[in-house]
Structure formats: structure tokens, C-alpha cells
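This report describes a single protein chain, taking its annotated region, strands, aromatic rings, pocket and selected backbone positions under separate headings. The sequence and the structure are shown below.

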Amino acid sequence: MSITTRAAVVESGGAPFALADVELDEPGPHEAVVRMVATGLCHTDLGVASGGLPFPLPGVLGHEGAGVVEAVGTAVTGIAPGDHVVLSFTSCGECRNCHGGHPAYCATWLPLNLIGGRRADGTGTISRDGTPLGGHFFGQSSFAERALVDERSLVKVDADVPLESVAPLGCGVQTGVGAVWNVLKPVTGSTIVVLGAGAVGLSAVMAAALTPATRIVAVDKVGERLSLAKELGATHTVNVGEADLAEALAEITGGQGADGVVETTGSVAVLRQGVDALAARGTLVVVGAPPFGSEVALDVNGLLGGKQVVGLTLGDAETQTFIPALVQLVKEGRLPLHRLISTYPFADIDQAVRDMGAGKAIKPVLTF
């Protein structure tokens, strides 16, 4: 029997989110029905809603969900009704990267999460008046009061932690944290530079503050966000509206350059500046996504000092271990994620979108 629920539907590229009743398919053997408590709003949602990616519309987006399990499929293990869960991306569980602990690089990641809008077998998960809608977004489509969630998107978490405080862990936060912990892995005395002080960048700053890095540099053009970055652990800030980035980083690092750079802005010009600012054997992690087909010119000889440029998806995180660890840090106050969150009732999703676009909200979280 299908389940009727209220969801935010995007009718076509560039259209606003509109609340409507939709029907969820019956949960399959490896799926669960989750009553949503909160879900984060991410730039990826906005990019798809704008028509920038070939996701089938009309459809239901949302991929930073958190809620309470109501029902599970016959083959689901380790999750039961009543469990508190954070929802993240899904993966096949069978390919080489999934077996190797790198599910963010699953061989079928794109169709399963970002552009397919259907289960792996091609069947739909959401319909309206009998007409299929795009769904299964990151295995969850959590812009709804209830979500039909793929088993591999479910992460059981500590029920004592308020779900609205940890919903963003499923995408943006684990991306920023994973860039630092899973790729850069700072050693004692490292200099880490974070380009862009949005939700992902500030998550990277908080992560770096929990490592032996001794210089953590946040770069942005919004003074308020740089002030917040200092409060979250940055030792230095650079306002690129007031200073030349290359000169500022050279002064901060004594001309040595940065050991690690996290590029979150999606600007190829900023990416190039970040590569140029690397020290010998330094690594830049590409997190921000410019339009498809974007290219960047690099000084090849400048790379010969052992510099590395590494692309990153979702922090290269193995969610079943990574997200519970982040929840524990939030619970202990060591990852002050609440400093980034602004909450909105689900019905105010379009206001949250506007505030995010205007820079008034770093990480909007919709509550149900």
C-alpha cells in the first residue's frame, strides 16, 4: 500500500518549490520509511532545481535528511522502527570502490544519487495522482514529511542528539570535514587554507581545528563569515575584497606556501590561485563544483615540486562509521555545528532558499 505524504515538488527547472501531496511506493526489501524531523538545504538541491543537472522533473529533492524510522523492508538489517537516523548518499555496495571503503566513488554513484531519479532497477519511488515523479534523490528525496529511503542511505545515530542539529552531516559537513581528515590529513605544524567560508568551508575549518595543524587560514569576501571562522578555529583570515590573496598567504606562511588547501567556491580562478599557493608537496582538494565542462589552466612546471590536485566527493567518507563519529563530536560540543544552522519550518522552504542565496543563512535546516 502506498503512503501519502506532503512534499516540496519542483515542477520544472527554475520553478519554486511547491508543497503538494505525493504518494510513496511501498518499501522494497532494502528500503525504509522515515518520518522526517529535519533536512538541510544544500547548494546541490538549488543547482538541480534550477535545471542545471539532468534530474527528471517534476521531482522531489532533499539529501540531508534526519528522522525516525517508521517501517523497514524485509531484508533491512541493523535498523528498526523507532531508530533515529541521519540520511546520506547511497551506493551499490558491490563495486570495487564500495568494497574498498570508498562508496562516494561507487561505480553507479551518478544515476543512483544525482541524475537518475529512480531506483537502480528503474522503478520509481514517488508519484502524484498516478504519474511518476523524479525521486530517489541521494537515495532519500527528503524534502517531504516522509521519505522512502534506500538502506545504504540510512545511518543509525544516537537518539539523545536532536536531529535538527545533525541533519547537515549527510552531505555538506561530511564533505568539508572529510576534505581535511580523509585527504589532507594534517600533521604537526601544517598550514591549512580554506577557500570559501560557507557551510562546507567552515566545516573544514572546524575539522582542521581538531588536528595538529598550527595555521588555519579562512578566505572569503564576507567579513561576518570570516569573523565566524575565527571563532570556529581559524588562526588567520583573508578578506579578498580588501587584500591580494597571493600576497596575504605568502605573508602568513613566510613564503613557504600552504601544506593543504580546500577549494569550496567552485571558481576556477580561485582554484588556480589555490594551486599556486601550495608549498612543495602540498595538496589542494577540489570540492566546489563549477558548471560542467569548466577547465582550469595550471602552471605545469609549478606542479613538479610534488604538488597534488585531488577531486573530492562527499568527503570520501564511509558513512556508517564517519557520521556517528561526527554526531558524537556534535554531542560533546567539539564540532559546534549549531553555529552554522538557521532553522525554518518546512512550509517556509522558499524563504530558506532566498536567505541562502542572499548569504543570510549559511546552512538552512527545514524542520517538520
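Are F137 and F138 buried or exposed?

## Aromatic residues

In this predicted model, F137 is buried, and F138 is buried as well. The rings of F137 and F138 form an edge-to-face pair, with 4.9 Å from centre to centre and 70 degrees between the planes. Planes over 60 degrees apart count as edge-to-face, so the angle of 70 degrees places the pair in that class.

F137 and F138 also belong to a cluster in which ring pairs link F55, W109, F137 and F138. The count of aromatic pairs comes to six.

## Annotated region

An unreviewed UniProt entry lists residues 14–366 as "domain: Enoyl reductase (ER)". Over residues 14–366, the chain is 27% helix and 25% strand.

## The five-stranded sheet

Five strands form an open sheet in the order β4-β1-β2-β7-β8, with antiparallel pairing. Its edge strands are β4 (59–60) and β8 (131–133), each of which pairs on one side only. In general, the strands of a sheet pair through backbone hydrogen bonds, in either a parallel or an antiparallel sense.

Strands β1 (residues 3–10) and β2 (residues 17–24) are antiparallel and pair over eight bridges, with R6 opposite D21 in β2. The hairpin of β1 and β2 has six residues between the strands, and G14 takes a positive phi near 90 degrees there. β2 pairs in turn with β7, again in the antiparallel sense, over two bridges; here L24 stands opposite I126 in β7. Three bridges then join β7 (residues 126–128) to the antiparallel β8, and S127 stands opposite P132 in β8.

## A parallel pair of strands

Strand β11 (residues 191–195) runs parallel to β12, and five bridges join the two. Within this pairing, T191 stands opposite R215 in β12. Strand β12 (residues 215–220) is mostly covered, with five of its six residues buried.

## The second largest pocket

The second largest pocket has a volume of about 580 Å³. It is lined by 26 residues, of which H30, T90, D150, E151 and R152 are the closest to its centre. By class, the lining comprises eight nonpolar, 10 polar and eight charged residues. β10 (154–156) and α10 (319–332) each supply at least two residues of this lining.

## Backbone geometry in loops

Most residues other than glycine have a negative phi, and most peptide bonds are trans. The peptide bond from L57 to P58 is cis, with omega near 5 degrees.

D129 and D316 each have a positive phi without being glycine. For D129, in the loop between β7 and β8, phi is near 50 degrees. For D316, in the loop between β16 (308–311) and α10, phi is about 50 degrees. Which of these aspartates counts as exposed, and which as buried? D129 counts as exposed because its relative accessibility is 72%, where exposed means over 50%. D316 counts as buried because its relative accessibility is 15%, where buried means under 20%.

## Buried loop positions and distances

Why does D83 count as buried? D83 has a relative accessible area of 14%, and therefore falls under the 20% limit for buried residues. D83 is found in the loop between β5 (65–72) and β6 (84–87). D83 and V157 are 74 residues apart in sequence, and their C-alpha atoms are 7.8 Å apart in space.

V161 is found in the loop between β10 and α4 (172–184). At 4% relative accessibility, V161 counts as buried. V161 and L53 are separated by 108 residues in sequence and by 34 Å in space, C-alpha to C-alpha.

Notes: Residues are numbered from 1 along each chain as its sequence is written. This is a predicted model: local features need pLDDT of at least 70, side-chain atom pairs count only at pLDDT 80 or more; totals for chains, interfaces and linings use all residues. Side-chain values use heavy atoms; hydrogens and water are left out. UniProt positions are given in the numbering used here, feature names are shortened, and annotations may be inferred rather than shown by experiment. Helices (H or I, at least four residues) and strands (E, at least two) are DSSP runs, numbered from the N terminus. Rings of Phe, Tyr and Trp (its six-membered ring) pair if their centres lie within 6.5 Å; planes under 30 degrees apart count as stacked, over 60 as edge-to-face and the rest as tilted. Buried means under 20% relative accessible area, exposed over 50%, partly exposed in between (1.4 Å probe, protein chains only). Two strands pair if DSSP finds at least two bridges between them. On a 1 Å grid over the protein atoms alone, a cavity is a set of points where a 1.4 Å probe fits but cannot get out, and a pocket is an open set with protein on both sides within 12 Å along at least five of seven lines; lining residues have an atom within 4 Å of a point. Grid points are joined across faces, edges and corners, and a volume is the space filled by probe spheres set on the points. Ala, Val, Leu, Ile, Met, Phe, Trp, Tyr, Cys and Pro count as nonpolar, Asp, Glu, Lys and Arg as charged, and the others, Gly among them, as polar.
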